[in-house]
Amino acid sequence: MIRADKFTTGDVLDDYADFRVVECINCKCQYIHDFEHYVLFYNPQNLEQHFLTLFEEGEKEQYPLPCRECNKSDWDFKDINSKEKTNVLNGEWGWAIR
């Protein structure tokens, strides 16, 4: 379970938000994504560094920042698989997991 008290979207803290650990499809760099509000928390040391992952119809799906690890500007993310959970606990987002 991700500690929702650490993550806010705007001025709202939503205990029912759907926070998940996701990874870059190219290099497996991990991020926290709020699927309820479509916000990707980009930097584990600076939660103010986040951006929207919702795009308008016809808009090119490209995030405003490149992947932190592989530095690709054309990247996407997916949910981690259950085997990756240990890596999350031992990694830079480990503090977010209860």
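This is a short chat about the predicted model shown above.

Me: What kind of model is this, and how are residues numbered?
Reply: It is a predicted model: local features need pLDDT of at least 70, side-chain atom pairs count only at pLDDT 80 or more, and totals for chains, interfaces and linings use all residues. Residues are numbered from 1 along each chain as its sequence is written, and side-chain values use heavy atoms, with hydrogens and water left out.

Me: OK. How many helices and strands are in the protein chain?
Reply: The chain has 1 helix and 5 strands. Helices (H or I, at least four residues) and strands (E, at least two) are DSSP runs, numbered from the N terminus.

Me: What order do the elements run in?
Reply: From the N terminus on, the order is β-β-β-β-β-α.

Me: How much of the chain is buried?
Reply: Buried residues make up 35% of the 98 residues. Buried means under 20% relative accessible area, exposed means over 50%, and partly exposed is in between (1.4 Å probe, protein chains only).

Me: Now the inside. Which residues make up the largest nonpolar core?
Reply: That core has 12 residues in all, among them Ile2, Phe19, Val39, Ile80 and Trp93. A nonpolar core is a set of buried Ala, Val, Leu, Ile, Met, Phe, Trp, Tyr and Cys residues joined through side-chain atoms within 4.5 Å.

Me: What is in the second core?
Reply: The second core is separate and has 11 residues, including Val22, Tyr31, Phe51 and Tyr63.

Me: Back to Ile80. Where does isoleucine 80 lie?
Reply: Isoleucine 80 lies in the loop between β5 and α1. Leaving aside neighbours within four places in sequence, isoleucine 80 is in contact with Val21, Val22, Glu23, Gln30, Lys85 and Val88. Contact means heavy atoms within 4.5 Å.

Me: How far is isoleucine 80 from tyrosine 31?
Reply: They are 49 residues apart in sequence and 9.9 Å apart in space, C-alpha to C-alpha.

Me: Switching to charges. How many salt bridges does a search of the whole structure find?
Reply: It finds 3. A salt bridge is a side-chain nitrogen of Lys or Arg within 4 Å of a carboxyl oxygen of Asp or Glu.

Me: What does arginine 20 pair with?
Reply: Arginine 20 forms a salt bridge with aspartate 79, and the closest N and O atoms are 3.2 Å apart. Arginine 20 is in strand β1 and aspartate 79 is in strand β5 (residues 77–79), so the pair ties together parts that are 59 residues apart in sequence.

Me: And which partner does glutamate 23 have?
Reply: Glutamate 23 bridges to lysine 78, with the closest N and O atoms 4.0 Å apart. Glutamate 23 lies in strand β1 and lysine 78 in strand β5, so this pair joins parts 55 residues apart in sequence.

Me: Is glutamate 23 buried or exposed?
Reply: Glutamate 23 is buried, because its relative accessible area is 2%. Lysine 78 is partly exposed, at 43%.

Me: What about glutamate 92?
Reply: Glutamate 92 forms a salt bridge with arginine 68, with the closest N and O atoms 2.0 Å apart. The pair links distant parts of the chain: glutamate 92 is in the segment after α1 (85–90), and arginine 68 is in the loop between β4 (46–52) and β5, 24 residues apart.

Me: One more. Where is aspartate 34 placed?
Reply: Aspartate 34 is in strand β2 (residues 30–34). Aspartate 34 is buried yet has no salt bridge; the nearest side chain of opposite charge, arginine 20, is 8.5 Å away. For charge, Lys and Arg count as positive and Asp and Glu as negative, while His and the chain ends are not counted.

Me: Which side chain does aspartate 34 join in a polar contact?
Reply: Histidine 37, at 2.7 Å. A polar contact is a pair of N or O atoms within 3.5 Å; within protein, one must be able to donate a hydrogen and the other to accept it, and residues adjacent in sequence count only if both atoms are side-chain atoms.
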